[in-house]
Amino acid sequence: MRLTVLVLAFTVVLMGFCVLGGVLEAHLEPVEAEVLGDWAQVAIPFRLHPITPRGARYDGPALASELWGTVSLGERTYVLLLGVHYDGTVDLWVDEGGRMEEGAALPKVHGEGYREWSIELTSLPSEGEPFAYPMSVVWPEGRGYVFLQGGAPRRGVLEVEGERYTVALLDEALDGVFGTDEDIYAVDWTQDGTLHAARGEHERFALDEVLTLGEQSFIVEDIAPDGSWIRWKPVDYQPPKVPLVEGFPAPDFTFICFQDDVERSLADYRGKVVLLDFWATWCPPCMELRPKLVELYTSYSEAGLEIIGISLDTDEEALRRALGNYQIVWPQVYDGGGWDAAVAERYRVYAAPHTVLVDEEGTIRKVNPNAGALPGLIEELIGPVELDVPSDDAPDPPPPEDVEEVPEPQPEPEPLPDEPPARLGLWPIVGGLGVVLLLVALLLFP
C-alpha cells in the first residue's frame, strides 16, 4: 500500500512537471485549410520540363506538348505529366510509377486563365506511418510551370495551467514531412478565437522561435513526422510577440528624422492620425504610391494627419533624390538597414509598400488599406474635411525625375487566391531559391 501511494505521488509530480515547468505536448488532427484561414494554404511555384523522367511513360494518343515533373512526399515520389492535346485541351496525370494512361487523367476546374486539379496523394515519412496528403495543382495557361498548393494543416489544443490554446501546424515546405526547417506552427495565445498566422502576424511561429504563454516561454523540441503531435521544452522567459493587427496599440519607436536630424518618437504624434509608410526607392509599387500620398498629405495634414515614412533603402542619396523629386516633406526614418531596418523589424515588415494607419490614441486601425480607401478611413477618424478641388485650367505638375532603381529582391507574402490572377504572389520554396526559380521560369516560358 505504501509503495502504491509513493508511485501515485511520483506520477502526479511528474505530470505536473510536464505541464507546468517542463515539456508541453499537443496532439493534432488533419483539418481543412479553409477552416484555419488563407494563411494555411501554402502555394509554391513548381517547374516542369519537356524531358520524360527515367522509367515514366505516357500511353495514349500523341500530345502536342508534354511537360513533366516529380514531386517527393517523404520517401514517396510521384510523376506529374501536363499534356496539351492537339485540339487545345489540357490534362494532368499523376502516378507514383510514372505510367500515364489516357483514361487516367484527373478531373479539372477551368477558370479564367488557369486550370486546377485536386489530387489526394500519400506521404511516406522516413519515420512514422504514411498519411493522406491532399494537394492541388494550378497551371497558368501557356506557362512552363505550375503552382502546387497544399500544406496538410493539422489542428489541436494545448493545455497549460488550465488554459486551452488552439494550435495548428503547417507543412510549409510541401515536402510531406513535418518538422523541417521551413515549416511553421500557430498558437492562439491571445485566445480571441482566431489564429493570426499570416506572414508577419503575432501568432505565427517558425520552429526555432520562442512561444510565450503567460509567464512561461517554450521552444519546439520535436514534431512527429506525420504532424500528429508537437512537443515544446521550456526556455528562459521572453516577452510575447507584439500583435500588429487592428485594435492593438502600435508599438512605439524613437528615430532621428532623416531631413532635420531631430529625435522624434511615434508617441510624439499622439492626438494625430498617423500613417506609417514602409517604402523604398527601388520598389516600383512604392514609387507609384508617392503622388497619392503627397495628395493625401496636402489634403489632410492641417486637419490632423501625419505620415511617417520608414525607408527600406540602403542608398541614402537615392532616398534624398526621391524626397526632392516628389516634394515629400513628412518625416522619414532611415538607418540604411534595408529589410533589416530597426522599425521594419519591429513591425515585422516582409513586403513593400506596407502601411499601418494609427488613430489619435495610438491604436492600429488598419493594416495595408487600399490607397483609394485612405481618405474615407482618415475622415472616419478626424471628421469630414472640405477639400480644394483644382480647376480644369490648373497646370499639370511637372513629372518627377527618374529615380534610380536598385535591383534588390522584394518578397511577395500574398497567398494564392481562390481564382489565381495573372500575377501570383508567392513565398519561395526554400528561402530566396523559389523566387529565383520563378523568375527563370518566366524568362524561359513567357
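Q: Let's start at the end of a helix: which residue just after H4 takes a positive phi?
A: That's Gln327, with phi at about 55°. H4 is a DSSP name here: helices (H or I) need at least four residues, strands (E) at least two, and both are numbered from the N terminus. Gln327 is a residue other than glycine, and its place is the loop between H4 and E23.

Q: Before we go on, what kind of model is this?
A: This is a predicted model, where local features need pLDDT of at least 70 and side-chain atom pairs count only at pLDDT 80 or more, while totals for chains, interfaces and linings use all residues. Residues are numbered from 1 along each chain as its sequence is written, and side-chain values use heavy atoms, leaving out hydrogens and water.

Q: Is Gln327 buried or exposed?
A: Go by relative accessible area with a 1.4 Å probe on protein chains only: buried is under 20%, exposed is over 50%, and partly exposed lies in between. Gln327 has 60% relative accessibility, which counts as exposed. Glu161 sits in the loop between strand E12 (154–160) and strand E13 (163–170), and is exposed at 52% relative accessible area.

Q: How do I read the buried side of a helix, and which residues of H4 are buried?
A: An α-helix has 3.6 residues a turn, so residues three or four places apart point the same way. In H4 (residues 316–325), the buried ones are Ala318, Leu319, Ala322, Leu323 and Asn325. They're on the same side of H4 because their arc around the axis is only 165°, taking directions from the helix axis to the C-beta atoms.

Q: What covers those buried residues of H4?
A: Look for contacts, meaning heavy atoms within 4.5 Å. The cover includes strand E21 (273–279), helix H3 (284–300), strand E22 (305–311) and strand E23 (332–333).

Q: And what caps the N-terminal end of H4?
A: Asp315 does: one of its side-chain oxygens lies 3.0 Å from the backbone nitrogen of Glu317.

Q: Which residues are buried in helix H6?
A: In H6 (residues 374–382), look at Leu374, Ile378 and Leu381. Their arc is only 60°, so they share the same side of H6. They pack against E21, H3, E22, strand E24 (354–358) and strand E25 (364–367). Just after H6, Gly383 takes a positive phi of about 95°.

Q: Where is the cis peptide bond?
A: Check omega: at about 0°, the bond joining Ala352 and Pro353 is cis. Pro353 lies in the loop between helix H5 (342–346) and E24.

Q: What does the whole chain look like in numbers?
A: The protein chain has seven helices and 25 strands. Of its 446 residues, 45% are buried. Among contacts with a separation of 6 or more, 57% come from residues 24 or more positions apart.

Terms used. Polar contact = N/O pair within 3.5 Å; in protein donor to acceptor, adjacent residues only side chain to side chain.
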